[in-house]
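Work through these exercises with the model open beside you. Each task is followed by a solution in steps.

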Amino acid sequence: MRWRSLVVTGAATPAPFRPGLEGVPATQSSICDIDGQRGVLTYRGYPVDQLASSSSFLETAYLLIWGELPTTEQLQEFEQEVQMHRRVSFRIRDMMKCFPSGGHPMDALQSSAASLGLFYSRRALDNPEYIVSAVVRLIAKIPTMVAAFQLIRKGQDPIQPRDDLAYAANFLYMLTEREPDPLAARIFDACLILHAEHSLNASTFSARVTASTLTDPYAVVASAVGTLAGPLHGGANEDVLEMLGQIGSPDQVAPWLDRAIAGKQKIMGFGHREYKVKDPRAVILQTLAEQLFDQFGHDPMYDLARKLEEVAAERLGPKGIFPNVDFYSGLVYRKLGIPEDLFTPIFAIARTAGWLAHWKEQLGANRIYRPSQIYTGQPSRDWQPVGAR
């Protein structure tokens, strides 16, 4: 990596230029911690494996946003508030019906999330009641909009939320038009917990930068959704399934991987900037996938994935490259009957909790982001008339 020095006025030593701000602290946060050497992820100090096995997504969202696990009364009130605000305005549904049916669901979600600001934005960022109402509306309505666009693009009317179903079960119901099996709903809820937060990744950084301008939270989430839509951030689990399909069979894993390594091809679902061991979320997702297969039937693609992980451990493990969260999540969603191009919108449903936690934290000690740059253009020069150029 090439570093170029940036001389900062008044600084004792020059600050190094690091492409992508890699390793540069940009904020202080008490929301999430990652130990990449040991493979430990915690939310507000709680290990994510404990939350995935014992908590619910809404309880975890409350923890992330307000800093502590809720009491029974607080959780019931939060769940009831989210339940009451699941529905979206018919005007938003009508707007979504004007979207092209071939458009990507992430683009539809970004537009829909931004449109909420037209209905609810007052930018009363110093009003605790406004903060709470914004959190509730976004967590409640994002899943409804994802499910609505899925049915609208198929030429169907959206299904209204069911008040008797919990958060994860209700989303699967709105998406598939049938009440989900309790195990499927529980596993999907655990998936949301695993994707809810992951420190200062690209979309969360985007959310904090947007939040630092003191715009409304709907614009903050729309900004983060747009960042998540990029192929270098969200969507890798779609690519994992495509990769496994290209490999074809377990006996082709080793030769395929050797060719990919020789050609310096990216192995989708492997490697992470933070983790030097297997992503703890991948460990949990693998267990969740096996639970689904035991209940609803085996997926031969899982055998491919396990064989690829086994062979890759020999070739790539010494370099600290192991499966990440995307490697098994696509297999879980596939078994749940979720279309592949909805994988990233589901990521956004979960990560909305993390984005809102960072939005709220940013407001607590806000300073607008304004990083420096290193100018590499032309030196000062005089303008010339067009005939003299």
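A salt bridge is a side-chain nitrogen of Lys or Arg within 4 Å of a carboxyl oxygen of Asp or Glu. By that rule, Arg162, Asp164 and Glu179 are linked in a network of salt bridges. The model is predicted.

**Exercise 1. Describe strand β3 and its pairing with β4.**

Step 1. Sort the residues of β3, which spans 32-35, by face. Cys32 and Ile34 form the covered face, while Asp33 and Asp35 form the uncovered one.
Step 2. Look across to β4 (residues 40-43). The two strands pair in the antiparallel sense, over four bridges. Asp35 has Val40 as its bridge partner.
Step 3. Check the turn. Four residues lie between the strands of this hairpin, and Gly39 takes a positive phi near 70°.

**Exercise 2. Which side chain of opposite charge is nearest to Arg86?**

Step 1. Locate Arg86: the loop between α3 (72-84) and α4 (90-97) holds this residue.
Step 2. Find the nearest opposite charge. Asp163 is 4.7 Å away. A salt bridge needs a distance within 4 Å. Arg86 is buried yet has no salt bridge.
Step 3. Look for another polar partner. The backbone oxygen of Leu165 lies 2.9 Å from a polar atom of the Arg86 side chain.
Step 4. List further contacts. Beyond four places in sequence, Arg86 touches residues including Ala140, Thr144, Pro161 and Tyr167.

**Exercise 3. Compare salt bridges from the 14 in the structure.**

Step 1. Start with Arg87 and Asp163, whose side chains meet at 3.4 Å, N to O. Arg87 is in the loop between α3 and α4, and Asp163 in the loop between α6 (128-152) and α7 (167-176), so the pair ties together parts 76 residues apart in sequence. Arg87 is partly exposed at 34% relative accessible area. Asp163 is partly exposed too, at 41%.
Step 2. Move to Arg186 and Asp189, which meet at 3.3 Å. They are three residues apart in helix α8 (residues 182-194), so about one helical turn separates them. Arg186 is partly exposed at 28%, whereas Asp189 is buried at 9%.
Step 3. Finish with Asp279 and Arg281, in a salt bridge of 2.8 Å. Asp279 is buried at 0%, and Arg281 is buried at 3%.

How values were computed
Residues are numbered from 1 along each chain as its sequence is written. This is a predicted model: local features need pLDDT of at least 70, side-chain atom pairs count only at pLDDT 80 or more; totals for chains, interfaces and linings use all residues. Side-chain values use heavy atoms; hydrogens and water are left out. Buried means under 20% relative accessible area, exposed over 50%, partly exposed in between (1.4 Å probe, protein chains only). Two strands pair if DSSP finds at least two bridges between them. Lys and Arg count as positive and Asp and Glu as negative; His and the chain ends are not counted. A polar contact is a pair of N or O atoms within 3.5 Å; within protein, one must be able to donate a hydrogen and the other to accept it, and residues adjacent in sequence count only if both atoms are side-chain atoms. Contact means heavy atoms within 4.5 Å.
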